[in-house]
Amino acid sequence: MKRLFTIMCASLMAMSIATSARTLIAYYTYTYNVMGIVGELSRNIEADVVRVLPTDTTLRYEANNYALGSQLIATIRNAPNDPASYPPIQPQEVDFDLYDNIIIATPLWWSNMAAPMQTFLFNNGSRMAGKNIALVVSSSSSGISSVVADAKRLIPDGVHHDPALWINDTNRSSKATLIQQWVQGLGFDQPEPQSITVSAGGHSFTATLETNATAEAFMQLLPLTVTMNELNGNEKYHYLDTSLPTDAVRPGTIHAGDIMLYGSSCIVIFYETFSSGYSYTRIGHIDDVTNLKAALGQGDIEVTFGTDAGPVTGDVDGDGKVDGNDINRIINIVLGKEPAGDSADVDGSVGVDGSDINTIINLVLGK
Ligand SMILES: Cc1cc2nc3c(=O)[nH]c(=O)nc-3n(C[C@H](O)[C@H](O)[C@H](O)COP(=O)(O)O)c2cc1C
């Protein structure tokens with residue numbers, strides 16, 4: 001049996017922290033402007049996505065001076081309560097009980113909501129009662145007040161967010177910023193920014209990650225200890241073995257503490273603020289850069305990126321895992337070759353001794 005709508009988990013956000021309220025993005029697109037908008041929405045909010053498709057995907061709504069598109073809209077306008085007025089769309093089961101928030105993203109056709117999206121809402125609007133409804137409309141230039149009215153007519157018992165977002169040919173090039181700001185104003189649950197630790201030169205820093213696919217993929221690599229190379233007196237960089245998703249922008253000003261991806265695999269930590277013409281994908285930012293420059297030093301340096309899940313028992317070297325390096329470190333501490341930190345007293349006996357060495361060996365051996 002043919003699966004007629006497509007529901008897909010927004011893969012960009014699939015790894016992000018679960019939020020208490022769940023969001024569905026339902027969209028229709030004909031010439032793919034709205035699809036681009038949905039891509040931006042997915043970067044900014046954790047959501048499942050459903051795409052509305054007409055039963056006949058070969059129809060040319062713009063042919064003959066938009067004859068079919070205008071006929072479809074006129075038919076709905078003439079009899080909006082008649083199910084026969086709505087063009088057929090491919091059926092899809094959506095469990096609306098899963099969602100508290102629904103974003104409708106649609107093109108504008110002859111001042112109204114595009115006909116296939118109207119069909120979707122005519123069929124499902126009653127199942128959206130009580131839910132937060134937010135509307136994004138894409139048009140060439142026409143204002144969207146009638147589309148807003150369509151949404152309220154078709155989802156009469158929804159809690160409609162004001163304002164709807166209007167993307168048009170004049171502001172389309174700024175859609176990333178407009179969408180980000182609009183999503184922030186929705187008050188819908190957002191993916192929580194995650195924190196990591198960045199340890200180098202005997203200092204540990206907390207960094208807040210971006211809520212983007214690149215940061216998510218980077219997080220999956222942690223804990224990670226790498227040698228980072230010095231460059232230009234303002235950055236340390238390291239080429240990963242794997243590529244991460246990219247969405248590069250030219251930030252203009254680089255800030256000390258920025259953690260960026262250059263290309264698809266080069267992790268960069270900047271320790272100076274300066275202007276740059278290069279493009280990077282943002283991964284995160286070190287919250288407090290006091291001592292950062294000193295910690296990173298003037299040459300190449302070993303840096304550990306760790307998850308911020310709290311101390312791990314036996315993780316004497318603070319790289320987020322317990323392994324042979326911790327055994328070496330604890331032996332050196334017991335022998336007085338290295339200073340003991342709080343993490344060295346793994347058996348809690350107050351004092352670091354052979355018992356702590358045994359405890360760590362047992363942890364490493366999985367006993
Ligand atoms: C049948 C039809 C009618 C349209 N009518 C209008 C209109 O009245 N005013 C306007 O500004 N744009 C109109 N447009 C343009 C679309 O609203 C605009 O290109 C939108 O971004 C398309 O989104 P999409 O690429 O996701 O399909 C129309 C497009 C079609 C196909």
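**Notebook: ligand shell, surface patch and salt bridges**

I began at the ligand and found a polar side-chain atom of S142 at 2.7 Å from a ligand nitrogen atom. I count a polar contact as a pair of N or O atoms within 3.5 Å; within protein, one must be able to donate a hydrogen and the other to accept it, and residues adjacent in sequence count only if both atoms are side-chain atoms. I noted that the protein covers 90% of the 650 Å² of accessible area that the ligand has on its own. Accessible areas come from the Shrake-Rupley method with a 1.4 Å probe, and for residues only the protein chains shown count as cover.

I kept in mind that this is a predicted model, where local features need pLDDT of at least 70, side-chain atom pairs count only at pLDDT 80 or more, and totals for chains, interfaces and linings use all residues. Residues are numbered from 1 along each chain as its sequence is written, and side-chain values use heavy atoms, with hydrogens and water left out.

A backbone N or O atom of S141 is 2.7 Å from a ligand oxygen atom, and a polar backbone atom of W110 is 3.0 Å from a ligand nitrogen atom.

Next I checked the surface. Y239, Y262 and Y278 make up a nonpolar patch there, with about 340 Å² of accessible area together. For such a patch I take residues with over 30% relative accessible area and no salt bridge; like charges are joined within 9 Å, and nonpolar side chains (Val, Leu, Ile, Met, Phe, Trp, Tyr) within 5 Å. Y278 counts as exposed because its relative accessibility is 51%. The cut-offs I use are under 20% for buried, over 50% for exposed and partly exposed in between (1.4 Å probe, protein chains only).

Last I went through the salt bridges (a side-chain nitrogen of Lys or Arg within 4 Å of a carboxyl oxygen of Asp or Glu). I get a count of 11 by this rule.

- R60 pairs with E62, with the closest N and O atoms 2.9 Å apart. R60 is exposed at 51% relative accessibility, and E62 is partly exposed at 26%.
- K293 forms a salt bridge with E272, at 2.6 Å between the closest N and O atoms. K293 is partly exposed at 46% relative accessibility, and E272 is partly exposed at 27%.
- R329 and E338 meet through their side chains at 3.1 Å, N to O.
- E40, R43 and D247 are linked in a salt-bridge network.
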